[in-house]
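Welcome! Here is a short briefing to read alongside the sequence and the 3D view.

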Amino acid sequence: MPDQPADADPLDSVVRALHGLDRNLDGLSIVDLLWLAAHRWQQAGDGGAESVDGQTEDLAASEHRPALTKQSRRGGDAGQLPLFQPPTGADTVGHPVRDVSLPRAGALPRGRELARALRPLKRPWLRGLRQQLDIDRTVSDFARSGELIPAFRPAPERWFDLTVVLDRSPTMAVWGATADELLKILAGSGVFRSIRVREIDTSDVSPDLHGPLGQKVSEGGSRTAHPRRLMLVMSDCVSAAWRDGAFWGRLHDWAKAMSAVLVNPLPPKIWRSVGLDLPAVRVLSPGTPGVPNSRLRFSIPLLMEDAFPEKADSAGAGWRPFPVVSLSPRAVGGWARTLMRADPQGCEALLIPPPEIVERSAFREEEPVSSDAESVTKAFLHRASPAATRLAVLCSPNPYVHMPLLELVRQELVPEATPADLAEFVVGGLVTVMAGDSRAGGPVGPVLRFRDGVRDCLRPRLGARDAWQLHDALNRFIAQHTGSLSRFPAAVSDAGGTALVPSDLVPLAEASAHTLRALGFEPGPAMDTSAMDTSAMDTSAMDAAAMDAAAMDAAAPGPAAVTAVETIAAEPTDDADPVSARPETTERSRRRASRQLSHGPYFYLSYAHTPKTHPKDKDPNAWVERFYRDLCAHVLQLSSLPAGVSPGFMDQQMRPGESWSERLSDALATCRVLVPLYSPRYFLSEMCGREWYAFAQRSIFQQARTERTTEAIVPALWVPVPAGQLPYAAQRLQFNHAAFGDDYADEGFYGLIKLRYLRDQYERAVYLLAKRIVSVAETADIGPGLPIDFEQIPSAFGPPSWPPSGPNRPLRVTIAAPTRRTLPTGRTPHYYGDSPEDWNPYHPDSVRPIAQVTADLARSLNYQPTVVSLEERIRTLDSERPPKAPEILIVDPWIVEDEERGGELAAFDAVSGPWVSVVVPKNPDDDQGRVADTELNLRLERTVPALISQGWDVLRADAQGVGTLEAFAHVLPRLAEAANREYLSLAETYPPIARHPAPRLRGPMGGPEDTYASPDVPEKGPGT
């Protein structure tokens, strides 16, 4: 066919490409080719990829072609930059890149199912420490005696106090993120009374338990004040202490004293290859829930006497069963049912030998592992699960793989894979585990490096379809999760970058200009990756996969067939990315997406319920419901709400049987305006105070992230309340009620709706309120928030009192943090300012200092906060008792690096008391903080031992680190309440000022009695 001009019809280009195949193609084959090309182009568009040109590759001239990059076909498109794994060595040479953070996937799949598997442990302990009202006994005593005396009984509580022991040996670094995810699931399940975390390094000669701050602790023993304990040990059982039995004696003691379970992320079929070469049994419950392991029933395995002849006379004596489960819902659920519900099927367990047998036992020597790459690969493919095999093949284009990337590949391409499948790949002999290099001041985690020759054996199994699916899936995930707080380090192509990546490194994905801006990177010129030696697969494998996808004949085509398909899929387009032209922030994009997915109500009506005075009376809250219907009708007319969306929400809309806590939380998290219905009863209602606080938090978070003050509370008068009786949260609102009419300001909506002659004023006031609600909803843009536990949040009005008190609760907030001038050498200054009050630990998620956010949160709790630095506090510090105000100490652990400031902190600890609560904000994205976390915690504990050791366990946990701004806002009310309770118990009290004249003696007729004298008052006489 003769050559066509460059501006010819695109269909002619397609015809020329098909003609170049040099094959006898029928009509069906051509249709299949066109469908495959269109489908692949659509996938690329879904992933956020931009237009590409129509250049084709001369695959016949090269032996290999790249599998995971389209950059070589683009000729260096500046709008699309490749993303790499972080460099693994300082001597790396190649292309310049710059550090960037990418969103990461969850490290523990099926987390919700794991939480549901723990439900049997929710069985309550009926006789708890707290008391609750016994209604039946109270009524019975009243009927018998006629005196109403409340009777109490022990309240049910959670059964177990959980202690989690995490193995921190070098091999467990691969499962660090998985352990953290497991802790979050355990803490969020609501199953346990308390959770304590202990760490142990089983690679040490004599491993010791350590607390969260690095201090040595002891755990175990048969005597304890808390008999309902549960021990969960997480380890891969690979280190030396497991293989030589040095750690089994401690497990033996724990199994005797309490309920305990060993969680192993490795698959059960390789347990005997690690340190778990012990007799396996199936244990059953004795019929009593929550018993120690020593009381679990089991049968002695066969040949037990042959394996341990020194105990042949009493086989099984002294052996303790220890349940062992993998990280699967089925295994965890079976153990939980056995422990609490006497499941007749039981669960798997190992028999832990007594110490005397451990000392004399000879353990199996490790079998030599063949170093031949082909033999190792064949052995892995023979015994590995399909999911583990697929993970290995998908990762084969890269010489090394970081764990976050492996977890991301698992989530997007192999969702059926479990932690056991990941473990098969890690310990299957294909890779070696190396420590990650440091980038941007922090480690990137363990690195899995393929053994020599293994990739050459795996790459032929990677088809073209899988390669492109992986590429597009990673592109889509990164583009759709740019606002994620959980991230892992990566590198992006940048000509001016200081880091380097090898020339043969394959990009894991590509990102458009808009995605890169959302990640905090301003795109620059892209590097030319056409010279990369990305030998991901050979041409024959690509061609065979493409032919299979196109449903063509079985004969393998030449390279020209694949070239034609790619030419069709790479047709250029002149359409620009419309999103990249709008420089929106990540937070706004997230709010907009959330609002599109969930249309919340325009307003939430918060009101106090009025009780009935007589059972036969009508519901007094019916007038509020009528007012709500009238308000909804006006809002619906004034707004552009879509069909099916309610303009408002009130609690009477809930159906019987619906979870009121979750329903109220969802409505408060999505509504645009809060409408509190003022009345004297409203500010005495704890429920109304909780609703106010839940909504006010959204405004505080909005201001913390955008520095934009947003107020979306529109008060309404049901019954007028004097200004002096309003709590501080309501006094702060500037709202002119007289703008809705003088009658409304004098009578409120209740007076307008009850008095017929004020009906016109009622209609006018409701209409004006609806206009105000719509105006605020359209302009405030407060954005939806996350639903919170409605039963756990405090009231914004403080303790109930009458008359409602104003801002009369003091609270001192002390900031102990360095400044930019006093920072330790090498510490990044991004989180600090010219004064300690400028410290912003949650940067860049928050743009406001933690002192200002804390003050706003304290005001929303009806406190009067006073923010001072530690240096100012030391100037006024004295040892006088009682204290002047409750206090919250917010500490940056880096302050202990400064000797002078550390001395001030120690001096403050010496004179402080239980009226001071401590909280330590920690940013999970602060790489330097993660590296020095253990050392800083240990030094902080030594500096302020009294402050950290005092108080409840939950408060001590806050002193160990609060990871997000939302978590900080959740713990602050508990800290303030605990400090205020101790302050009130120690503060000086003063007698009330007399408001009435002193009482006088009266005579028999009720008049003043002046004739009787008292020893202290002289008799009346002529001279008096």
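How many helices and strands does the secondary structure of the protein come to? The count is 35 helices and 31 strands, where helices (H or I, at least four residues) and strands (E, at least two) are DSSP runs numbered from the N terminus. Please keep in mind that this is a predicted model, in which local features need pLDDT of at least 70, side-chain atom pairs count only at pLDDT 80 or more, and totals for chains, interfaces and linings use all residues. Residues are numbered from 1 along each chain as its sequence is written, and side-chain values use heavy atoms, with hydrogens and water left out.

**The whole protein**

- The protein has 1024 residues, and 49% of them count as buried; buried means under 20% relative accessible area, exposed means over 50%, and partly exposed is in between (1.4 Å probe, protein chains only).
- Its accessible surface comes to about 49,400 Å², computed by the Shrake-Rupley method with a 1.4 Å probe.
- Carbon and sulfur atoms account for 52% of that surface.
- Take the contacts (heavy atoms within 4.5 Å) between residues at least 6 apart in sequence: 79% of them join residues at least 24 apart.

**A buried threonine**

- T178 sits in helix 6, which covers residues 176-188.
- T178 counts as buried because its relative accessibility is 2%.
- Apart from neighbours within four places in sequence, T178 touches A107, L108, M234 and L327.

**A positive patch**

- R112, R116, R119, K122 and R158 form a positive surface patch.
- Such a patch is made of residues with over 30% relative accessible area and no salt bridge, with like charges joined within 9 Å.
- Lys and Arg count as positive and Asp and Glu as negative, while His and the chain ends are not counted; each charge is placed at NZ of Lys, CZ of Arg, CG of Asp or CD of Glu.
- K122, one of the patch residues, is found in the loop between helix 4 (111-117) and strand 4 (131-133).
- With a relative accessible area of 35%, K122 is partly exposed.

- Searching the whole structure gives 27 salt bridges, each being a side-chain nitrogen of Lys or Arg within 4 Å of a carboxyl oxygen of Asp or Glu.
- In one of them, D161 pairs with R193, and their closest N and O atoms are 2.5 Å apart.
- D161 belongs to strand 6 (residues 161-167) and R193 to the loop between helix 6 and strand 7 (194-200), so this pair ties together parts that are 32 residues apart in sequence.
- D161 is buried at 12% relative accessible area, whereas R193 is partly exposed at 30%.
- R168 and E199 also form a salt bridge through their side chains (3.6 Å, N to O).
- Because R168 lies in the loop between strand 6 and helix 6 and E199 in strand 7, the pair ties together parts that are 31 residues apart in sequence.
- R168 is partly exposed at 32% relative accessibility, and E199 is partly exposed at 27%.

- The side chains of E904 and R901 meet in a salt bridge (3.2 Å, N to O).
- E904 and R901 are three residues apart in helix 30 (residues 899-911), so about one helical turn separates them.
- Both residues are buried: E904 has a relative accessibility of 13%, and R901 has 15%.

How values were computed:
Patches are made of residues with over 30% relative accessible area and no salt bridge: like charges are joined within 9 Å, nonpolar side chains (Val, Leu, Ile, Met, Phe, Trp, Tyr) within 5 Å.
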